[in-house]
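Biologist: Please take one part of this model and look at it closely. Walk me through it in short steps, then show me what lies around it.

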Amino acid sequence: MPKLLGIDIGTSACKVAVFDESGNVLAQQNEEYPVYYPQSGWAEQNPEHWWEAVCRAIRAILEKSGVQAGGIAGIGVDGQSWSAIPMDKTGRVLANTPIWFDTRCKEICNRLKQEIGEDQIFALCGNPVQPGYTLPKILWFQNEYPQIYRQAAQFLQANSFLVYRLTGVFSQDRSQGYGLHCYDMKKSAWDQTMCAAMDVDITKLPDIYACHDIVGQVSREAAKQTGLLEGTPVVAGGLDAACGALGVGVLYPGDTQEQGGQAGGMSICIDSYHADPRLILGNHVVPGRWLLQGGSVGGGGVMRWMERELGAEERLIAQEKGTDPFYEMDQKAARIPAGCEGVVFLPYMAGERSPIWDEQAKGVYYGLDYAKTRPHLIRAGMEGVAFALRHNLEVAEECGVTVQTLRSMGGAANSRIWTQMKADVTGKRVVVPSSDTATTWGAAMLAGVGIGLYPSFEEAVGKTIRVTREHLVNWEEHRRYEDSYQTYLSLYQALKPVMDC
């Protein structure tokens, strides 16, 4: 029976998994790597750390699981958004890449808006001019490190870097094109006129592929480093959120993914071009579909921060009981009523993306007094992430996009308490397919379609996606959240002048 390999390049770790053609996980392995913060507002990673981690993960799977390299019929790779990896013509990485929540390019964005016009740029690419995107980072290299820019043969995304390491072929998939403001979203092509206006050398932008296109095969060198079989087909892959959306069955208009990885947010499938500057628009990994997205910096990363800084007690309890610190934090949060007795948290831990687009936004606790406890802080953090999700959904609905059900994925979906909270805050039914492997499965599914294992995306989704649980809205709880949500919205507006100082 043919097997598929999915590789996910996340913010804190890579995830690698092998699946059978029914979508069952046969083996999986995670490997961590660091994020560097050299200056305020900067966040960057070394792509070589990604490759080293992927090699370790694949070797571990092949050595421990009994999966044979020769049984892997195809490989798909997804990656975090908005990388800008400068590669010379020999495939050498020339510098660390700023990652998706890096905000060093604010002045470059202001210059683009002034010189070209934000409306003109938005009309082409369907996305706002913001520091986190890929294009401003390429211009940052051009301005600050012109030698690196000159040496760069291509600028790659996270998944296309891994595809290069596996195959030796430079590529750019359609779903990651939205990170570059010279990408024509309607035509899925680089726009020469906009490249010239932005002073971007179009030859440094790779050829564009459909996400399920076979870009190349595993090279002899990659086979030596990973243990994979030389010649195994590798597809272009795509954006992690888009692969995650596919991996939970987001295929038809109105289908919506709720993301609970390091970042939070949602991705709504639409079948026609529909852009709004408050949100994010990208090509889905499925041809002929787009994803209208809301992306928050506050997702599972908020709880990771809380566990690291506030979770010493839960770590001890988990060690004694043989549980997990996050499970113990869940239990603490469950003791506090909906609305957290007036404590509200703004989850803007690295600025904020949609819909406020404010790189100066800060994380805030509001409503503390002597009666409040650490469980209040935990619960408020979870509620704040849910409020950010609701804010994005409401903006999408203002655009005329209707959402009935959220399909939840990511590590946060393992928390029944948090998932129910999101249902109650948003007023949307939430269903949970396979949450932990949705993104890697989406990447692997692209490979399955690319090699012809599945004749269509419809058949692949229908054959492999299974809902494991659902959360219906508790409307009484929904009403209890209303005051806290309104406080959440008004807090940012009141504090914005202070944050901008």
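Modeller: Let us start with two helices. Helix α9 (residues 300–310) packs against α11 at an angle of about 95°, and their axes are 11 Å apart. An angle from 65 to 115 degrees counts as roughly perpendicular. So α9 and α11 are roughly perpendicular to each other. Keep in mind that this is a predicted model.

Which residues meet here? From α9 come M303, R304, M306 and E307, and from α11 come P325, F326 and M329. In this contact of α9 with α11, five residues are nonpolar, none is polar and two are charged.

Now follow α11 to its other contact. Helix α11 (residues 325–334) also packs with helix α12 (residues 374–398). Here the angle is about 100°, and the axes lie 8 Å apart. Therefore α11 and α12 are also roughly perpendicular to each other. On the α11 side, the contact uses M329, D330, K332, A333 and A334. On the α12 side, it uses R374, P375, I378, R379 and M382. The residues of this contact of α11 with α12 divide into six nonpolar, no polar and four charged. Notice M329: it takes part in the contact with α9, and it takes part in the contact with α12.

C340 is buried, with a relative accessible area of 0%. Its phi is near 55°, a positive value in a residue other than glycine. Most residues other than glycine have a negative phi, and most peptide bonds are trans. Further on, P355 lies in the loop between β20 (344–346) and β21 (364–366). The bond joining S354 and P355 is a cis peptide bond, with omega at about -5°.

Next, the sheet. It is open and has seven strands, in the order β18-β19-β17-β16-β22-β23-β24, with mixed pairing. β18 (280–283) and β24 (469–471) stand at the edges. Each has a single partner strand, so one side of each is left without a neighbour in the sheet. On average, neighbouring strands of this sheet are turned by 25° against each other, direction ignored.

Strand β23 (residues 429–432) pairs with β24 in the antiparallel sense, over three bridges.

E258 lies in strand β16. Is E258 buried or exposed? Its relative accessibility is 2%, so E258 counts as buried. The side chain of E258 makes a polar contact with the side chain of K422, at 2.8 Å. Setting aside its neighbours within four places in sequence, E258 touches G265, M266, L389, L406, R407, S408, M409 and K422.

Step back along the chain to V248. V248 is found in the loop between α8 (240–247) and β16. V248 is buried, with a relative accessible area of 0%. Not counting residues up to four places away in sequence, V248 touches Q257, R407, S408, M409, P433, A438 and I465. R407, S408 and M409 are on that list, and E258 is in contact with R407, S408 and M409 too. V248 and G179 are 69 residues apart along the chain, and their C-alpha atoms are separated by 23 Å.

Last, look at the start of the chain. Strand β1 (residues 3–9) joins β2 through seven bridges, and the two run antiparallel. The hairpin between β1 and β2 has three residues in its link. K3 has D20 in β2 as its bridge partner. Seven bridges also join β2 to strand β3 (residues 25–32), again antiparallel. There, C14 stands opposite E31 in β3. β2 and β3 form a hairpin with four residues between them, and G23 in the turn has a positive phi of about 85°. Seven of the eight residues of strand β2 (residues 13–20) are buried, so β2 is largely enclosed by the rest of the structure.

Technical notes. Residues are numbered from 1 along each chain as its sequence is written. This is a predicted model: local features need pLDDT of at least 70, side-chain atom pairs count only at pLDDT 80 or more; totals for chains, interfaces and linings use all residues. Side-chain values use heavy atoms; hydrogens and water are left out. Axes are lines fitted to C-alpha atoms, for helices over the stretch in contact, and angles run from 0 to 180 degrees between N-to-C directions. Angles under 35 degrees count as roughly parallel, over 145 as roughly antiparallel, 65 to 115 as roughly perpendicular and the rest as oblique. Contact means heavy atoms within 4.5 Å. Ala, Val, Leu, Ile, Met, Phe, Trp, Tyr, Cys and Pro count as nonpolar, Asp, Glu, Lys and Arg as charged, and the others, Gly among them, as polar. Buried means under 20% relative accessible area, exposed over 50%, partly exposed in between (1.4 Å probe, protein chains only). Two strands pair if DSSP finds at least two bridges between them. A polar contact is a pair of N or O atoms within 3.5 Å; within protein, one must be able to donate a hydrogen and the other to accept it, and residues adjacent in sequence count only if both atoms are side-chain atoms.
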